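Subject: Structure handover

Hello,

Here is the structure I said I would pass on. My notes on it follow below.

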Amino acid sequence: MILQLQTSQHTQFLDITQQVQQAITELKLTQGAVLLFVRHTTAALTINENADPDVLQDLETIFQRLVPWQNNYHHNEGNSAAHMKSSLLGASEIIPVKNGALALGTWQGIYLCEFDGPRTRQVLVQPLSATS
Ligand code: ZN
């Protein structure tokens, strides 16, 4: 299954936890794990705090400090910083599933990390069955 997700800002941490839970429900995945894979080179996935939005703001601040938008990059598309941030966080996450629910911790949310938006992004939701 592929989730189509619309981001609205240039840099954005979009909480997709509910969409992923809905996907595993539709896929009738009850035990095992789910592989999430973002099919882009200027976006990423991460799992982090879902309660205090200041954490996401701090993440954005640190990434901006680590990887400034302008830095004499070679890539002539002008979005090298977005590519670098994508590789720093990575394109995939594996999340265990128990009794049909994501086995996340209380304060964990799943985030699509947009680094060159706004764009329409695709996240592949691939069940990993416990029995096969
Ligand atoms: Zn590029």
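Is Asn-79 buried or exposed? Asn-79 is buried, at a relative accessible area of 6%; buried means under 20% relative accessible area, exposed over 50%, and partly exposed in between, with a 1.4 Å probe and protein chains only. His-75, by contrast, is partly exposed, at 34% relative accessibility.

Before the rest, two remarks on the source. This is a predicted model, in which local features need pLDDT of at least 70 and side-chain atom pairs count only at pLDDT 80 or more, while totals for chains, interfaces and linings use all residues. Residues are numbered from 1 along each chain as its sequence is written, and side-chain values use heavy atoms, with hydrogens and water left out.

Zinc site

The zinc ion is coordinated by His-75 (NE2), Glu-77 (OE), Asn-79 (OD1) and His-83 (NE2), at 1.9 to 2.2 Å. Donors here are N, O and S atoms within 2.8 Å of the metal (3.2 Å for Na, K and Ca); water is not among the atoms, so sites may look incomplete. Along the chain the donors are spaced as H-x1-E-x1-N-x3-H. The angles among the four donor atoms run from 93 to 149°, and the site is irregular.

Cores

The largest nonpolar core has 19 residues. A nonpolar core is a set of buried Ala, Val, Leu, Ile, Met, Phe, Trp, Tyr and Cys residues joined through side-chain atoms within 4.5 Å. Among the residues with the most contacts inside this core are Ile-16, Val-34 and Leu-36. Elements that each supply at least two of its residues include helix H1 (17-26), strand E3 (32-38) and strand E8 (120-129); helices (H or I, at least four residues) and strands (E, at least two) are DSSP runs, numbered from the N terminus. Another core, of seven residues, lies apart from it and includes Leu-56 and Phe-115.

Helix and strands

In H1 the buried residues are Thr-17, Val-20, Ala-23 and Ile-24. They line one face of the helix, because they fall within an arc of 125° seen down its axis, taking directions from the axis to the C-beta atoms.

E3 pairs antiparallel with E5 over six bridges, and seven bridges join E3 to E8, also antiparallel. Pairing requires at least two DSSP bridges between two strands. Phe-37 stands opposite Leu-124 in E8.

Regards

Definitions and conventions. Four donors count as tetrahedral if all angles lie between 85 and 135 degrees; four count as square planar and six as octahedral if opposite donors are over 155 degrees apart and all others between 65 and 115; anything else is irregular.
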